[in-house]
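Visitor: I would like to learn how to read a few features of a protein model. Can we begin with aromatic pairs and go on from there?

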Amino acid sequence: PQATLAAEVLNGFSLGMNLKVPYEVLDDYVNYKPLFDLGANIMVAGGVWAGVNVQNLGASENLPTNFKAGLAYLGDKLNFCIDYSAPAQTQAAVSMGFEAKALGMLTFRGGYRYKLGSTTDSGSGVSGGFGVKVEMLNIDYGYKSFGELGGTHFVSMALELK
């Protein structure tokens with residue numbers, strides 16, 4: 001389970017917190033320690049946002065703390081973002097992606113994640129997908145490549161309640 005609280009505290013400046021309680025069971029091992037995510041973002045200029053995030057604060061040996069910082073441009077038809085991620089126990093990475101809106105109901109997405117210092121397959125960071133929005137219903141499809149391991153497909157459906 002998780003609970004999220006976020007609010008704009010000043011014009012163009014927002015803070016957020018997420019409490020999550022992952023539950024793991026493996027044989028006689030049980031783990032359900034609470035974790036926190038904290039984040040902030042600020043509008044730098046028209047459509048350009050900067051943000052920072054700390055994930056997995058708490059006592060869990062299986063989910064390391066992760067520090068992130070990023071920039072995003074949010075436009076009417078095109079969004080672009082880039083971020084830097086520094087997990088406590090693995091390699092840092094730079095990710096970038098875009099989202100293009102078409103016909104008022106379609107959205108196309110693409111991205112790439114590069115692990116700094118990595119010598120693995122360069123295609124392993126490729127991702128892409130699309131979304132369809134019809135009134136209150138959103139349906140999204142995504143694909144992420146894991147190089148030699150193959151790819152993973154994601155499908156989600158969300159209903160907006162207003």
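Visitor: How many aromatic pairs does the count come to here?

Guide: A pair of aromatic rings is described by the distance of the centres and the angle of the planes. This is a predicted model, and in it the count comes to 1 aromatic pair. The pair is made by Phe130 and Tyr141, whose ring centres are 5.6 Å apart.

Visitor: Why is the pair of Phe130 and Tyr141 called tilted?

Guide: Planes under 30 degrees apart count as stacked and over 60 as edge-to-face, with the rest taken as tilted. The planes of Phe130 and Tyr141 stand at 40°, so the pair is tilted.

Visitor: Which parts of the chain does the pair link?

Guide: Phe130 is in strand E11 (residues 126–134) and Tyr141 is in strand E12 (residues 137–145), so the two are to be looked up in distant parts of the chain, 11 residues apart.

Visitor: What is the relative accessible area of Phe130, and what is that of Tyr141?

Guide: Buried means under 20% and exposed means over 50%, with partly exposed in between. Phe130 has 38%, so this residue is partly exposed. Tyr141 has 27% and is likewise partly exposed.

Visitor: Moving to the chain as a whole, how many helices and strands are there?

Guide: The chain has 0 helices and 13 strands. Its pattern, read along the sequence, is β-β-β-β-β-β-β-β-β-β-β-β-β.

Visitor: What does the C-alpha trace span along its principal axes?

Guide: The spans are about 55 × 45 × 35 Å. The accessible surface of the chain comes to about 11,100 Å², and 66% of this belongs to carbon and sulfur atoms. Of the 162 residues, 19% count as buried.

Visitor: What share of the contacts joins residues at least 24 apart?

Guide: Among contacts between residues at least 6 apart in sequence, the share is 19%.

Visitor: How many positive and negative charges does the chain have, and where do their mean positions lie relative to each other?

Guide: There are 11 positive and 14 negative charges, and their mean positions are 6 Å apart.

Visitor: Next, strand pairing. In which sense do strands E5 and E6 pair, parallel or antiparallel?

Guide: In a regular strand the side chains alternate between the two faces of the sheet. Here, strand E5 (residues 35–45) and strand E6 (residues 48–58) pair in the antiparallel sense over 9 bridges. Leu38 stands opposite Val54 in E6. E5 and E6 form a hairpin with 2 residues between them, and Gly47 in the turn has a positive phi of about 85°.

Visitor: How many bridges join E6 to strand E7?

Guide: E6 is joined to strand E7 (residues 66–74) by 8 bridges, and these two strands run antiparallel. Trp49 has Ala72 in E7 as its bridge partner.

Visitor: Where is Ser124 found?

Guide: Ser124 is in the loop between strand E10 (106–115) and E11. Its contacts, not counting residues up to four places away in sequence, are Lys144, Ser145, Phe146 and Gly147. Ser124 and Leu149 are 25 residues apart along the chain, and their C-alpha atoms are separated by 8.6 Å. With a relative accessible area of 23%, Ser124 is partly exposed.

Visitor: And which strand holds Val30?

Guide: Val30 lies in strand E4 (residues 29–31). This residue touches Tyr23, Glu24 and Val25, not counting residues up to four places away in sequence. Val30 counts as partly exposed, at 43% relative accessibility.

Visitor: Last, backbone angles. What is phi of Leu103, and what is phi of Glu135?

Guide: Phi of Leu103 is near 60°, a positive value in a residue other than glycine. Leu103 sits in the loop between strand E9 (93–102) and E10 and counts as exposed at 75% relative accessibility. Phi of Glu135 is near 55°, also positive in a residue other than glycine. Glu135 is placed in the loop between E11 and E12, and this residue is exposed, with a relative accessible area of 71%.

Terms used:
Residues are numbered from 1 along each chain as its sequence is written. This is a predicted model: local features need pLDDT of at least 70, side-chain atom pairs count only at pLDDT 80 or more; totals for chains, interfaces and linings use all residues. Side-chain values use heavy atoms; hydrogens and water are left out. Rings of Phe, Tyr and Trp (its six-membered ring) pair if their centres lie within 6.5 Å; planes under 30 degrees apart count as stacked, over 60 as edge-to-face and the rest as tilted. Helices (H or I, at least four residues) and strands (E, at least two) are DSSP runs, numbered from the N terminus. Buried means under 20% relative accessible area, exposed over 50%, partly exposed in between (1.4 Å probe, protein chains only). Contact means heavy atoms within 4.5 Å. Accessible areas come from the Shrake-Rupley method with a 1.4 Å probe; for residues, only the protein chains shown count as cover. Lys and Arg count as positive and Asp and Glu as negative; His and the chain ends are not counted. The place of a charge is taken as NZ of Lys, CZ of Arg, CG of Asp or CD of Glu. Two strands pair if DSSP finds at least two bridges between them.
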